[in-house]
Amino acid sequence: MDGEPLVRWYWIGDHLGYLWGLLADHAVISLVPVLIGLLLALPLGLLCTRFPRLYQPLAATFNVVYALPSLAVFVVLIPYTGLATQATVMIPLTCYALAVLLPTTVDGLRAVPDPVRQAATAMGYGPWRRLTAVELPSAVPYVVAGLRVAAVSSISLASVGALIGRGGLGYLFIDGFQRTFPTPIVAGIVLVALLALVTDGVLLLARRVLAPWAGRETAVRR
Amino acid sequence: MIRFDGAGKRHPDGTIAVEGLDLTVPAGRTTVLVGPSGCGKTTILRMVNRMVEPTSGRVLLDGTDVTELEAAKLRRGIGYVIQQAGLFPHRKVIDNIATVPHLLGWDRKKARARAHEMLELVGLAPETAKRYPFQLSGGQQQRVGVARALAADPPLLLMDEPFSAVDPVVRAGLQEELLRLQSELNKTVLFVTHDIEEAVRLGDQIVVLREHGRIGQVADPATLLAAPADEQVAAFLGRDRGLRGLGLRPAGSIALTPLDEPFAGWRLELDEAGRATGWTGHGEHRPAAAFDPGADTLRTALDATVLSPVGAAVAVDGDGRAVGIAARAAVLDALDALHALPPRDEAGHGR
Ligand SMILES: Nc1ncnc2c1ncn2[C@@H]1O[C@H](COP(=O)(O)OP(=O)(O)OP(=O)(O)O)[C@@H](O)[C@H]1O
Ligand SMILES: [Mg+2]
């Protein structure tokens, strides 16, 4: 990229609307799967805690999906969900989110100290009611920790979707590379980082609101 | 009233936790289970609220086999306190206390009002209500645990080593508090501890257990200390049990001599308020040691006569005014009376 400066500000100025559109698209295709993953992980996690035998096979399944290269999964899905559709990108991302969130949810549900669980039983909570009223709220710090990992990796993985035509900010990387024009690449990197930072901040705030009792010292694994 | 009727628990792995237990826990009193680690105390406690199901025999609660009652419903009617308090970390103190009222479907306002009452009952400041458990000391957490167990006013309280995780000073305070509560509330309390001192302090009835929940002795504390059933129970009670037993006997039975009567050449000096300022005699002045026959025990009285340099202690009333003199011999007479011996010759004052 001889002589080409890293950033040509006029290009950014000219493409503000375009960049905004990509950013919004990126946020949707990366974060909606995390949300769906969460909505699936909570009931699945409760089921796995109530019936522990379910956990290993389920966790193994999602781990295998997690191990598959994202691009390969996109390509496999194209015949069913179509090229450049949101679904093609979001289905695998949902699976990745679930692969992170299921274990953190189950960890969180299991992390309730034994005396607390026994006290709950002794007070007259039935098994399901105890799970939702005692174990689930106690799992919040774990779930939020899982969400932070899942959200950031989803934001990063979503860029790959650009290779099949639906990658939000990822498109800027392909565009810049093909034209040996670094400005969109830099803009893409900055916007991806910004999106990740804001998302993380929102999650930290959510934790403080949802689990004020967790204090700062609560150790969260993973 | 709880009755264990040949109750036993054998775990699936073959471990026998409790075998053939026959025991009656009287209503309105405190029964303490005491015994070495692993002897089945927790198991016995949990057979009552069905956290452990007996594999043989029955546990009857007011005549009904507990296994015939729905577990969750049964448990809402039984208070339960454990060693680590087990407070719900995500709930404020007030909501922790309101747990059972909430489960019983009380309306929110009534449950909260009740929880505030409980907070006061266990001696916690009102502002504690809004704290989370992690913001409390161990002793405060235990108090909240007790308040939570009492919130729905259950007639029965199960307590599994509730005070053993706090330091001795806090523990003594909590024991005091429980005695006070119990004198107001008269619950049926089944209390587990491995600390014989605690058992003696709190129990109306003490059950000394051996391996597999076998009963070594069931007795009130004074009888237990005075007359252990066998060597093993005696060994478990530890040293000085005679003296410790005196700590359970009221000092009111000690015969007093009048204040103006000199004792072995010593005369008791009083100030204007009637408080003893010391002994004078033999050209000397010596300090006085006192006890309150209305509130203190024989142990305290004996201690006062041992401490006193003249061999007699001053009996005082609740306000510290001297009411009589207790000679060492008179205290020993009171001890003899415990064993129903005839009074000593030299102490002729009427009892
Ligand atoms: N789930 C279980 N499976 C097998 N054995 C058990 C189980 N629970 C308890 N036991 C055994 O039953 C016996 C009685 O246990 P329990 O907890 O009632 O004793 P404890 O008197 O409360 O002891 P500690 O003073 O240490 O609390 C012990 O030998 C214990 O190892
Ligand atoms: Mg125990």
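Predicted model: local features only at pLDDT ≥ 70, side-chain atom pairs only at ≥ 80, totals over all residues.
Residues are numbered from 1 along each chain as its sequence is written, chains are lettered from A and ligands numbered from 1 in the order in which they are written, and side-chain values use heavy atoms, with hydrogens and water left out.

The shell around ligand 1, in which a residue counts if one of its heavy atoms lies within 4 Å of the ligand, includes His11(B), Asp13(B), Thr15(B) and Ala17(B), the run from Ser37(B) through Gly38(B), Cys39(B), Gly40(B), Lys41(B) and Thr42(B) to Thr43(B), and Glu161(B). By class, this shell has 2 nonpolar, 7 polar and 3 charged residues, where Ala, Val, Leu, Ile, Met, Phe, Trp, Tyr, Cys and Pro count as nonpolar, Asp, Glu, Lys and Arg as charged, and the others, Gly among them, as polar. Helix H1 (residues 41-48) of chain B gives the most to the shell, with 3 residues; helices (H or I, at least four residues) and strands (E, at least two) are DSSP runs, numbered from the N terminus.

Oxygen atoms of ligand 1 are approached by a backbone N or O atom of Gly38(B) at 2.8 Å, by a backbone N or O atom of Gly40(B) at 3.0 Å, and by a polar side-chain atom of Glu161(B) at 3.4 Å. Taken alone, ligand 1 exposes 640 Å², of which the protein buries 61%, with accessible areas coming from the Shrake-Rupley method with a 1.4 Å probe.

Strand E3 (residues 30-34) of chain B is largely enclosed by the rest of the structure, because 5 of its 5 residues are buried, that is, under 20% relative accessible area (1.4 Å probe, protein chains only). In a regular strand the side chains alternate between the two faces of the sheet. In E3(B), Thr30(B), Val32(B) and Val34(B) are buried on one side, and Thr31(B) and Leu33(B) on the other.

Strands are taken to pair if DSSP finds at least two bridges between them. E3(B) runs parallel to strand E8 (residues 188-193) of chain B, to which 5 bridges join it, and Val192(B) is the bridge partner of Leu33(B). With strand E9 (residues 205-210) of chain B, E3(B) pairs in the parallel sense over 4 bridges, Gln205(B) being the partner of Thr31(B). These strands belong to an open sheet of 6 strands with mixed pairing, in the order E6-E7-E8-E3-E9-E10 (chain B).

Technical notes:
Polar contact = N/O pair within 3.5 Å; in protein donor to acceptor, adjacent residues only side chain to side chain. Buried < 20%, exposed > 50% of the residue type's maximum accessible area, 1.4 Å probe, protein only.
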